[in-house]
Amino acid sequence: MNFTLKTFTSSLMLGVVAGVIALVAERADLFMTGGSLQLLGYVNTYTWILVSAFLFGIWGAIITTEVQAMIGLVTITNPELSWLWPFVNLIFAVSVGLVAVGFSKFWPSAKNSIKLLFMSTICALLDIPLVYFVIVTVLELPYVLYSATLPVYIILQLVPSTFLAYFLVKALTRSKALDLVR
């Protein structure tokens with residue numbers, strides 16, 4: 001997974017797509033939950049982190065997630081938390097990107113579904129401290145809310161985000177929309 005101009009521009013495009021979708025998804029979250037829970041925004045963000053890390057490694061995941069987070073910051077897609085996403089998403093992007101690079105070096109023949117499931121599991125494990133940080137520390141909501149929402153975020157990570165990422169990787173690879181290097 002070499003970092004090239006093609007990797008940069010493709011990751012940038014994925015970040016813009018993720019950012020545009022976030023404009024709608026996070027405003028829907030704001031309408032549904034008052035901004036306390038980012039269910040649709042969460043699925044959107046972590047789907048694109050998985051896709052970009054899978055296709056382009058660490059730098060691709062970082063570029064995609066930071067472009068999306070900056071679009072959210074500029075457009076204030078979530079008034080309460082937009083300022084926080086560049087930092088939190090960076091942790092996820094680096095972690096998942098490292099897993100993707102590890103697969104490419106140590107088990108390149110693994111099935112795409114296995115790679116994405118393992119990458120998604122890393123995100124789900126990171127949810128334990130990071131959801132606590134956001135809900136209890138930043139939003140100052142009660143611990144009981146953290147206990148109730150953590151399983152929701154883990155399930156969102158392992159089910160819809162993983163499936164969407166799998167189908168997006170498959171579609172992007174088949175369509176050659178990103179002009180992927182073989």
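1. The structure, a predicted model, holds one cavity of 30 Å³ or more. A cavity here is a set of points, on a 1 Å grid over the protein atoms alone, where a 1.4 Å probe fits but cannot get out. The volume of the largest cavity is about 270 Å³, taken as the space filled by probe spheres set on the points.

2. Lining this cavity are 24 residues, with Gln38, Tyr42, Tyr46, Trp85 and Asn89 nearest its centre; a lining residue has an atom within 4 Å of a point. Two or more residues each come from helix 1, helix 2, helix 3 (85-106) and helix 4 (112-138). Helices are DSSP runs (H or I, at least four residues) numbered from the N terminus. Helix 2 gives the largest share, seven residues.

3. By class, the lining has 14 nonpolar, eight polar and two charged residues. Ala, Val, Leu, Ile, Met, Phe, Trp, Tyr, Cys and Pro count as nonpolar, Asp, Glu, Lys and Arg as charged, and the others, Gly among them, as polar.

4. Helix 1 (residues 5-33) and helix 2 (residues 39-75) have axes that come within 6 Å and cross at roughly 35°. The axes are lines fitted to C-alpha atoms over the stretch in contact, with angles from 0 to 180 degrees between N-to-C directions. Their contact comprises 20 nonpolar, 13 polar and three charged residues.

5. Thr162 sits in helix 5 (residues 143-175). Beyond neighbours within four places in sequence, Thr162 contacts Leu50, Leu116, Leu117, Ser120 and Gln157 (heavy atoms within 4.5 Å).

6. Residues are numbered from 1 along each chain as its sequence is written, and side-chain values use heavy atoms, without hydrogens and water. Local features need pLDDT of at least 70 and side-chain atom pairs pLDDT 80 or more, while totals for chains, interfaces and linings use all residues.

Terms used. 1 Å grid on protein atoms, 1.4 Å probe; cavity = no way out; pocket = protein on both sides within 12 Å on 5 of 7 lines; lining within 4 Å.
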